[in-house]
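Morning, everyone. Please bring up the sequence and the model on your screens.

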Amino acid sequence: MNPPAPPPATVRRGARAIPRFALYGETASPGQELLHIEEVQSRSRLHHWEIDPHLHQGLYQVLWIQTGSAEVGLDEWRAAVHGPAAIVVPPGVVHGFRFAPDTDGRVLTLSARFLVEGEFQQVGESFRALFSAPGVLHFSADDGEAQRLSVQLSELAAEFALPGSADSPVVLWLARAVVWRLARASAQGQRDGSSDPAHRHQALFTRFLLLVEEHFLEHWPMERYASRLGLSAQRLNRLVRAESGRSALELVHERLTREACRRLVYIAAPAASLALELGFEDPAYFSRFFKRRTGLSPQRWRDAQRAASD
């Protein structure tokens, strides 16, 4: 039986049409938030151990080869990679693999917000360093760091498979630990791959996400974010849209809305007080902003969440 045909969503890279997916073979949608881990063979075996060139928009991926090997393509860079090794794929990088049969490993896919929100500073810096460009991290079979990475990825996969894992802080902690460990290995070891200056926009996008996390409660104008990155507001918006499918302002508003939702659920203060904490000087404007984003006023949204949890 042949594997299902990929959906038709594509982007054009030069004269080529490159399929764009969330997970390989699954339709991507702008704004999709994702934290997912699976075994290499769970998907590649369905496609005869070959994953055709494709890209992810706004999603970061690490492919961990524990044992076995793969022919790897990252944009124009090609190489044979033998495990243990980690293949790092930032958003927008065209990548494809041809695995040796029965290659063992895992594929971790995540949205940046899972790693930069909250206690983001140290992990955020690691995240930026790791995904500044595509590449491959090599390890020796007896390397203790490789063994620890394998254990952490196995634990992450086990937690991810449990019911209710989408709300589990353990999944997030383990994903952050994997990124931190890989970033440290990248700084200390050998990393092969593309060093094309065109990949600078990926590092800029991640820096933007970190700035948003640090300053979204201050309601910075887009010009200030752009200035901190050495860009014009127009160029920042083009960069963010290319990486995520959304405007820079939309990403900031999404972050504000998520924070408002969290506080409405976990803090019993009146919505007007929360509005001030969220940087809105006018509670009525906050109410209009929130309703425009969610379809409900802050109090109605809070009531609906309480009713759903009863």
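Buried means under 20% relative accessible area, exposed over 50%, and partly exposed in between, with a 1.4 Å probe and protein chains only. Now the ground rules. This is a predicted model: local features need pLDDT of at least 70, side-chain atom pairs count only at pLDDT 80 or more, and totals for chains, interfaces and linings use all residues. Residues are numbered from 1 along each chain as its sequence is written, and side-chain values use heavy atoms, leaving out hydrogens and water.

Start with the loop between α1 (40-44) and β4 (50-54). Helices (H or I, at least four residues) and strands (E, at least two) are DSSP runs, numbered from the N terminus. H48 sits in that loop. Its phi is near 60°, positive in a residue other than glycine. W49 is in the loop too. Its phi is positive as well, about 65°, and W49 is not a glycine. Is W49 buried or exposed? W49 is buried, at 10% relative accessible area. H48 has 58% relative accessibility, so H48 counts as exposed.

Next, another loop. P84 lies between β7 (77-82) and β8 (85-89). The peptide bond from G83 to P84 is cis, with omega near 0°.

Last, helix α4, residues 144-160. Its buried residues include A146, L149, L153 and L156. Seen down the axis, the buried residues of α4 fall within an arc of 165° (taken from the directions from the helix axis to the C-beta atoms), so they line one face of the helix. At the start of α4, a side-chain oxygen of D143 comes to within 2.8 Å of the backbone nitrogen of E145.

Methods:
Expected span 1.5 Å × (residues − 1). Polar contact = N/O pair within 3.5 Å; in protein donor to acceptor, adjacent residues only side chain to side chain.
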